[in-house]
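Open the model in your viewer and keep the selection panel at hand. This tour goes stop by stop.

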Amino acid sequence: TARGYLDSEYSDQRRYSCTLIMSVAIHLQGKEQATWDTDKEGNPLVIQGLIRRLDETNEDIRTNAKQALVNLAELPESFLKITEQMADRVDLLDEIYSYRSVKPLSLLLPKLSDYRNAPFVDESQLPKYAVFLKSLDYFLNKYKESLKILLEETVNFAEKLLPFLNPALPVEYQVHHYGKELLIRVLQSEPEQDSNSVMLMNRFLQQYGDIPIISHYQKKSSFKKEIFDVYSIAID
């Protein structure tokens with residue numbers, strides 16, 4: 001198969017492989033085959049191979065790998081897998097997909113209904129969540145279109161950010177910082193009490209606002225206090 005030559009020692013074979021996948025991925029069946037070609041751990045092998053080719057010095061190979069990834073991303077499931085694999089390479093996400101990357105990045109953050117112990121984030125997953133939040137912050141800083149996509153094409157982005165306002169989360173991941181910065185931008189864009197983001201925030205406060213939290217600096221806090229602090233900054 002074409003995937004078997006993505007890492008060939010011969011540049012002609014790598015180029016052929018990228019070109020073939022690029023062509024096949026124009027069609028829905030080709031997109032699906034490439035997306036669901038995984039190993040036992042669920043790693044998307046074709047997608048990972050194409051991403052490795054983005055580090056090529058051969059511009060023909062690199063261009064074909066990029067176009068193959070563009071074609072695959074027309075399938076939402078594929079775009080999600082690609083984004084997950086490339087989230088720590090925000091420069092490449094930006095080069096290929098620009099601000100459109102924010103929607104799959106937001107989808108990669110957990111919904112409250114997925115939490116085992118809501119609203120407390122599973123700390124074993126913090127390394128990857130930190131990458132998603134940092135990449136989202138990058139795009140919102142760079143492109144005004146990013147926030148428009150998040151507000152219009154995702155229904156619960158603000159709610160996904162709220163658990164990351166927990167000041168007890170390990171500081172080395174900076175999820176509290178990025179969660180706060182992202183939520184400020186969202187609330188500055190729609191501060192009205194009847195906006196979707198504010199309604200999501202109020203619903204979260206009703207359920208979890210009074211839960212006591214002890215920060216890493218041994219200060220008493222709560223989700224209510226952390227959220228009110230963010231809201232005050234946003235509407236100031």
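Which residues does phenylalanine 157 touch, not counting residues up to four places away in sequence? Select phenylalanine 157 and show its contacts: Ser106, Leu109, Leu136, Leu150 and Val186. Bear in mind that this is a predicted model.

Stay on this residue. Phenylalanine 157 lies in helix α10. Its relative accessibility is 3%, so phenylalanine 157 counts as buried, the cut-off being under 20%.

Next come backbone stops. Most residues other than glycine have a negative phi, and most peptide bonds are trans. The next selections depart from that pattern.

Select glutamine 174. Look in the loop between α10 (157–161) and α11 (175–189). Glutamine 174 is not a glycine, but its phi is positive, about 60 degrees. Is glutamine 174 buried, exposed or partly exposed? With 40% relative accessibility, glutamine 174 counts as partly exposed, because that class lies between the 20% and 50% limits.

Move to serine 98. This residue sits in the loop that joins α6 (90–97) to α7. Serine 98 also has a positive phi, about 55 degrees, without being a glycine.

Last, select alanine 118 and proline 119 together. Check omega for the peptide bond from alanine 118 to proline 119: the bond is cis, with omega near 5 degrees. Proline 119 belongs to the loop between α7 (102–107) and α8 (126–142).

Note on methods:
Residues are numbered from 1 along each chain as its sequence is written. This is a predicted model: local features need pLDDT of at least 70, side-chain atom pairs count only at pLDDT 80 or more; totals for chains, interfaces and linings use all residues. Side-chain values use heavy atoms; hydrogens and water are left out. Helices (H or I, at least four residues) and strands (E, at least two) are DSSP runs, numbered from the N terminus. Buried means under 20% relative accessible area, exposed over 50%, partly exposed in between (1.4 Å probe, protein chains only). Contact means heavy atoms within 4.5 Å.
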